[in-house]
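Welcome, and please bring the model up in your viewer with the sequence panel beside it. We will hop from one selection to the next.

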Amino acid sequence: MIRVLNQTKFNLASLTKKSLLLATIPAVMITASPLSAQKSKSDDKDDSQVISKIFDEGLNRSEVMVSAHELLDGIGARLSNSPQMRQAETWAVNKFTGWGLKNVRKEGFEFGRGWSINSSSVTMVAPRALPLTAIPIAWTPPTNGTLQSQVIVAPISKKAHFEKWRGKLAGKIVMISLPGTVDDITRPPFRRLDGEDFSRLDEFRQPNHDPKANDRRLKRAEFAEALDAFLSSEGALAWVSRARRDGKLLHGEGYTHRAGRTPKLPGVEIAAEDYRRLARLAKTGEAPTLAINSNVQFHDDDLNAYNIIAEIPGTDPKAGYVMAGAHFDSWAGGDGAVDNASGSVAVMEAARILSKLKVRPKRSIRFVLWAAEEQGLLGSLAYTERHLASRPPAPESANGLARFFGWGNRFPVTTKPGYNDMKAYFNMDNGSGKLRGIYAEGNIAATPILSNWLSPFKSMGASRVVAGPTGSTDHVFMQQIGLPAYQFVQDPLDYFARLHHTNVDTLDHLRPADLRQASVVLAGVLLQAANDSKTIPLKPLPTEPKPTDPFKYDDPDDEVE
């Protein structure tokens, strides 16, 4: 899941629900719901027997955790275009091919430099020796050995702050964040959904069009480049920021991956507790001295990133295709387990199950592992622009966020010949919690069909179709051109509380029973979507809306200039 300026896909950190049913159910006891077994059209296939086999294969012979182990323990973090991501791409292609999927391929698009961490350390050497918990910021340069100097606490969050610190930063390690105060957890960090939560999600939200909002967000995203230019021109040696979560959690997010736009100064993120200690010492006495060794490396052998695509061909070449996907890339702090190896291995397991059962769907079923989601949903955007529709080009930018923020507000939308071929897309990218339903994204006409496809899985807890939207993941751009693209509702567990983008996002926090359930639900929904004579009604092709609030004034506090 991409994190963009404190925006998240959904706000479910406080939600609860009942626990998962045992997954070791004998196949003979599993029957499909009458809603899936009874078809109203004579040309529909009866999928109920195959769905029973999906339950059996997915619960009794699952390979989802074996795949997760190979990917996470064997390969690890998958920062876009890093050597580990290249290794993961090869692994995924081999997996799909070995399972008998067809048309397995890598589809490339322009991205930028690869980057990886070989080793790193940050130590306070005065007023006393103390190793600190820290991580290099992605796509910042190495220190080329150990860099040692005093810190200066100089909170800078907009260009207007530059003048205050001009002439004061030479030879310093600049602490650019305010120290803040401790954010003690007062709610259970691990939660599941309950009925009240679904009621809140099942609310239609009117669109809110603010033409200048994306421009403001883009300016914040581009601020990193301006800050680096200012600090380097002032003679600063490096900069450090405070981790946004307490508990010694680290993130290391950075977006300056474009070739030719690499920052000049090393940057590191320091755990919140350590950062505040440094700030207190600097406030009450002589500024602490830090030693930073950021042994990171750029990789420029291939500036393209790659989506991984595999298919189960349909029997009717004119019927189009349905698709499932999850983003394959991660940040570098942990192993990218719940964000988003969990979604990736569930999509792959659904592919394995359906291929093993030798299904012959009417429509093709396509499986995609998206690249560069964390830098602005760039993989799904590249697919959308290549196969589905395009918009006017984005302004030149140091990172992919210019395309992310502005794409939905550029008109007109020009459809591609393949626009009508995609009949449904289902995305997984909210951790390893079990699937509970689907966000209908305000498409009320889609609810009956989506509910029917979910009906065999009611006893597994996956039955809700909620009206509300969710954002910041790989279905977004398809939704923004009116296509039926959806994200699953999932139990949040401790996704936002401590795992999302952090250094503790490892296999230990995956929920095997939940992932088996998710794989079964996904496989069954895809099969029904591929065979149903009905298709989800499309929303209108978007045209430029009027501002929702024509009387709104710009807030100067929103500016980063």
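Select residues 512-531 to begin: this is helix α15, whose 20 residues reach 29 Å from the first C-alpha to the last, close to the 28 Å expected at 1.5 Å a residue. That expected span is 1.5 Å times one less than the number of residues in the helix. Colour α15 by accessibility and you will find 17 of its 20 residues buried. Here, buried means under 20% relative accessible area, exposed means over 50%, and partly exposed lies in between, using a 1.4 Å probe and protein chains only.

A word on what you are viewing: this is a predicted model, in which local features need pLDDT of at least 70, side-chain atom pairs count only at pLDDT 80 or more, and totals for chains, interfaces and linings use all residues. Residues are numbered from 1 along each chain as its sequence is written, and side-chain values use heavy atoms, leaving out hydrogens and water.

Next, pick strand β15, residues 422-427, where 5 of the 6 residues are buried.

Now for some backbone details. Most residues other than glycine have a negative phi, and most peptide bonds are trans. With that in mind, go to Ala-126 and Pro-127, joined by a cis peptide bond with omega about 15°. Pro-127 sits in the loop between β2 (114-126) and β3 (130-132). A cis bond also links Asp-339 to Asn-340, with omega about 5°, and Asn-340 belongs to helix α9, residues 337-356.

Two stops remain. Asn-144, in the loop between β4 (134-136) and β5 (147-153), has a positive phi near 55°. Is Asn-144 buried or exposed? Its relative accessible area is 71%, so Asn-144 is exposed. Finally, select Leu-377, in the loop between β12 (364-370) and α10 (378-388). Its phi is positive too, near 55°, but Leu-377 counts as buried because its relative accessibility is 0%.

Terms used. Helices (H or I, at least four residues) and strands (E, at least two) are DSSP runs, numbered from the N terminus.
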